[in-house]
Structure formats: C-alpha cells, structure tokens
Amino acid sequence: PGLDVLAKKAGLLYFGTAIDNVVLDNKQYISIAHNRSEFGQVTPSNGQKWMYIEPQRNVFNYTMGDEIVKPAIKAGQMRRCHTFLWHNQLPEWLTSQNWTKTELVGILENHIKNEARHYYDECYAWDVVNEAYNDDGTLRSDIWLDTIGKEYIELAFKFARKYTSPRTRLYYNDYNIETVNNKSTAVAALVKDFKKRHIPIDGVGLQAHFVTGSAPSYDQISAALKLFTKLGVETAITELDVRTQLPDSAEKMAQQATDYTNAVKACVDGDDCVGVTVWDFWDPVSWVPETFPGQGNADLLDANFTRKPAYYKVSDMLGSY
Ligand code: G3I
C-alpha cells in the first residue's frame with residue numbers, strides 16, 4: 001500500500017506532496033505524484049504564488065496553479081493551497097514602488113479576493129501568511145510589515161475568511177518552528193492573541209525543512225505541535241524534507257530515514273496534527289541544491305525514482321499502527 005493509504009490507517013487525514021510546474025511533462029513523475037494511494041494531498045510548490053497569479057496589477061492568471069490543482073481534483077487528492085502572502089516571489093510591479101498603507105492594504109485584499117474566489121472550495125487549507133517571523137521571534141522586515149505595520153497579518157486572515165469557502169482551513173505557515181524556541185513561541189503568541197480577539201485562524205503549518213543528522217527529535221517536534229494545538233488550532237507538517245551534505249552514503253541515508261520517520265510519527269501521535277506533506281518526493285526537483293550548494297538528496301525517491309531507506313522506514317512506521 002502507498003503512503004497515503006497507510007497514513008489514513010494510522011489516523012492522519014492525508015500524506016501528501018508538493019508538485020512543481022517544471023516537471024509536468026515528466027510522465028513517470030506525474031504518475032507517482034497523482035497516485036492517490038501514495039499521495040492523498042497535493043500542494044503547488046510555486047503555481048499559486050503572487051508573481052505567477054497576479055503578474056500585473058489586477059491581471060490574474062491561474063494557469064500555473066490550475067495545472068497542479070485540477071489534476072489533483074481529478075485524482076481525488078486533497079489540496080493545500082500555498083500561499084496568499086509571502087515576502088518572496090512577489091511580482092516586479094508590487095515590489096518596485098513605494099505604496100501607501102491604504103494602497104497596499106487594497107492590493108492585498110484584491111489579491112486574496114480574486115485568488116480565493118478562483119479556488120473557492122477547492123482547497124482543504126490555505127497558507128494565508130507564510131514566514132512572517134525571524135528566528136529570534138521578531139517580525140520580519142518586508143514590504144508588508146514596513147508599509148502596513150504588524151496588523152497586516154490579521155488583515156490577511158480576515159480577507160481570507162471573507163473570500164474563501166467557510167470550510168477552508170486558514171493556516172499560518174513557517175519554518176524553524178518545529179521545536180520550542182523563540183520563533184515558535186512568537187507564533188503561538190500570535191495564535192493566542194488571534195483566538196482572544198476572534199481573528200480567524202484554524203491551523204499552524206510546520207514546514208520541517210531539516211538537515212540529516214541535526215533534525216529535531218520526536219520529542220522536540222511533539223512539544224512544538226502541542227504549543228499550537230493546546231490553543232485550539234490544528235497543525236500539519238507542510239513541507240517536510242531532510243537534506244544531506246553530499247556525497248551521500250548508506251550511513252547518511254539511514255540517519256535521514258530516522259529523521260523523516262520522527263517527524264511523521266510525531267504528527268501521527270499528536271492530537272490535531274492532520275497530515276504530512278513532503279516538499280516534493282523526487283530529488284531532481286528539490287529546491288535544496290539551488291539554495292544550499294553542496295547539499296541535496298533531500299527527498300524520498302532518488303533520481304531513478306528508486307525508493308530510499310527513508311521511504312521504507314516511514315512506510316513501515318505508518319504500517320505499524
Ligand atoms: O520562474 C522561473 C521560470 O520562468 C524558469 O523557467 C525556471 C527555470 O529554472 O525558474 C523559475 O523560477 C524558479 C521558481 O522556483 C519556479 O520553479 C526560481 O528560480 C526558484 O528560485 C524558485 O524556487 C522556489 C522557492 O520556493 C522560491 O523561494 C522553489 O521551487 C520552492 O520549492 C520554494 O518553496 C518554498 C515555500 O514556498 C515556502 N517555504 C520554503 C520553501 C523552500 O524554499
């Protein structure tokens with residue numbers, strides 16, 4: 001049985017993968033990516049980001065998002081949609097001007113309104129705001145914070161609630177929040193504040209971009225999940241991968257398998273951790289080598305589509321429930 005079949009038996013809603021547009025012409029890749037028993041959920045790794053969706057002001061182009069979402073619907077896979085607001089992959093027209101606060105709030109609402117309506121009821125969850133915090137728990141200085149102030153986060157969630165289907169789960173998504181630390185504590189404080197003031201938020205996504213041998217332990221991840229779930233939101237592991245310093249070795253692959261398995265198991269055992277998404281399953285399309293030269297082999301399948309020890313260890317662990 002595939003990973004999603006096993007994950008559902010273990011109590012998760014899904015085991016999913018990100019899919020990038022650059023690989024859509026690879027038949028072997030696509031047959032695995034849209035195999036529902038392997039991956040019950042799909043996230044576009046790039047296709048729904050601002051620079052592609054609204055390349056000119058108020059001109060919307062959903063081609064890249066639809067290329068991932070439509071086949072997922074056809075295959076009966078859930079969709080996590082990614083992402084309304086980020087500091088990265090913004091279009092030139094947006095970043096090359098100095099907007100007033102009022103203008104930028106209007107631009108944000110218009111973007112969320114249009115994209116939310118296009119994907120109305122097609123997303124189990126939306127990553128409404130992505131990566132707003134620095135590792136020390138302060139807010140990241142970017143166009144949003146610098147122009148609108150810290151209320152840009154709640155504005156994005158209010159707009160998302162206004163224009164998405166009422167069934168859509170609204171998530172805050174970030175990396176380095178998989179342990180209890182300054183950043184995850186700041187995100188938990190945000191959630192607590194939102195709950196107190198009735199700002200809509202349904203979930204926190206823990207990206208989980210890990211490094212072989214220094215990934216957080218099962219206990220650390222479990223504790224981080226609890227930080228959020230005790231506040232009454234669900235969680236998900238949204239972008240799991242475990243990158244290795246190359247050259248790879250049997251020993252490193254065994255360690256990577258343990259690191260993957262700890263993360264998936266923490267989600268399975270945690271209350272209100274709904275599912276796990278890997279940030280692609282195939283090494284040749286991983287984001288890692290471009291960003292961290294000398295590192296790679298972060299995914300479950302190697303360049304020949306051969307399953308690695310990490311695939312089997314995750315599969316065996318899920319099968320044991
Ligand atoms: O748009 C061009 C395209 O025109 C060209 O043909 C192609 C050829 O290389 O490059 C395209 O741009 C690339 C884009 O992905 C789309 O494939 C960029 O160079 C590349 O830098 C970009 O990387 C993406 C990255 O976000 C951007 O920061 C990765 O694929 C994507 O996996 C990664 O995803 C992020 C999550 O959204 C948020 N969390 C971290 C995660 C990993 O960085």
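Strands S1, residues 14-19, and S2 pair in the parallel sense, over four bridges. This is a predicted model, so keep that in mind throughout. Within that pairing, Ala 18 has Thr 43 as its bridge partner in S2. S2 itself runs over residues 41-44, and both of its faces are covered. Gln 41 and Thr 43 are buried on one side, and Val 42 and Pro 44 are buried on the other.

Another parallel pair is S5 and S6. S5 is residues 169-174, and four bridges join this strand to S6. Opposite Val 204 in S6 stands Tyr 172. S6 is also covered on both faces. Gly 203 and Gly 205 are buried on one side, with Val 204 and Leu 206 buried on the other.

Now the core. The largest nonpolar core holds 86 residues. Which residues have the most contacts inside it? They are Trp 126, Val 128, Ala 156, Ala 160, Ala 263 and Cys 267. Helix H8, residues 152-163, gives the most to this core, namely eight residues. Take Val 128 as an example. Leaving out residues up to four places away in sequence, Val 128 touches Phe 84, Leu 85, Ala 156, Phe 157, Ala 160, Leu 170, Tyr 171 and Tyr 172.

Next, the ligand. The residues that surround the ligand are Asp 20, Val 22, Ser 45, Asn 46, Asn 88, Gln 89, Asn 130, Gln 207, Glu 239, Trp 287 and Glu 290. How does that shell divide by class? Six of the residues are polar, three are charged and two are nonpolar.

As for annotation, an unreviewed UniProt entry carries the record "domain: GH10" for residues 6-317. In the model, that span is 41% helix and 18% strand.

Some backbone details next. Most residues other than glycine have a negative phi, and most peptide bonds are trans. Here are some exceptions. The peptide bond from His 82 to Thr 83 is cis, with omega near 0°. Thr 83 is part of strand S3, residues 78-85. Leu 246 and Pro 247 are also joined by a cis peptide bond, where omega is about 0°. Pro 247 sits in the loop that runs between strand S8, residues 234-245, and helix H11, residues 250-269.

Glu 131 has a positive phi, near 60°, and is not a glycine. The residue is in the loop between strand S4, residues 125-130, and helix H7, residues 143-148. Is Glu 131 buried or exposed? Glu 131 is buried, because 20 other C-beta atoms lie within 10 Å, and 20 or more is the cut-off for buried. His 198 likewise has a positive phi near 60°. His 198 belongs to the loop between helix H9, residues 182-197, and strand S6, residues 203-206. His 198 has 6 C-beta neighbours inside 10 Å, so this residue counts as exposed; the limit for that class is 12 or fewer.

Gln 220 falls between those classes. Gln 220 is in helix H10, residues 218-229. Why does Gln 220 count as partly exposed? Because Gln 220 has 16 C-beta neighbours inside 10 Å, and partly exposed is the class between the two cut-offs. Gln 220 and Glu 178 are 42 residues apart in sequence, while their C-alpha atoms are 7.2 Å apart in space.

Last, helix H13, residues 309-319, which includes Ser 315. The buried residues in H13 are Ala 310, Tyr 311, Lys 313, Val 314, Ser 315 and Leu 318. These buried residues pack against S8, H11 and helix H1, residues 3-9. Ser 315 counts as buried because 21 other C-beta atoms lie within 10 Å. Not counting residues up to four places away in sequence, Ser 315 touches Leu 3 and Leu 6. Ser 315 and Ala 223 are 92 residues apart along the chain, and 23 Å separates their C-alpha atoms.

Methods: Residues numbered from 1 in each chain as written. Predicted model: local features only at pLDDT ≥ 70, side-chain atom pairs only at ≥ 80, totals over all residues. Near = placed C-beta within 6 Å. Nonpolar A, V, L, I, M, F, W, Y, C, P; charged D, E, K, R; others polar. UniProt positions renumbered as here; feature names shortened; annotations may be inferred. Helix = DSSP H or I, 4+ residues; strand = E, 2+ residues; numbered from the N terminus. Core = buried A, V, L, I, M, F, W, Y, C linked by C-beta atoms within 7 Å. Contact = placed C-beta atoms within 7 Å. Pairing = 2+ DSSP bridges.
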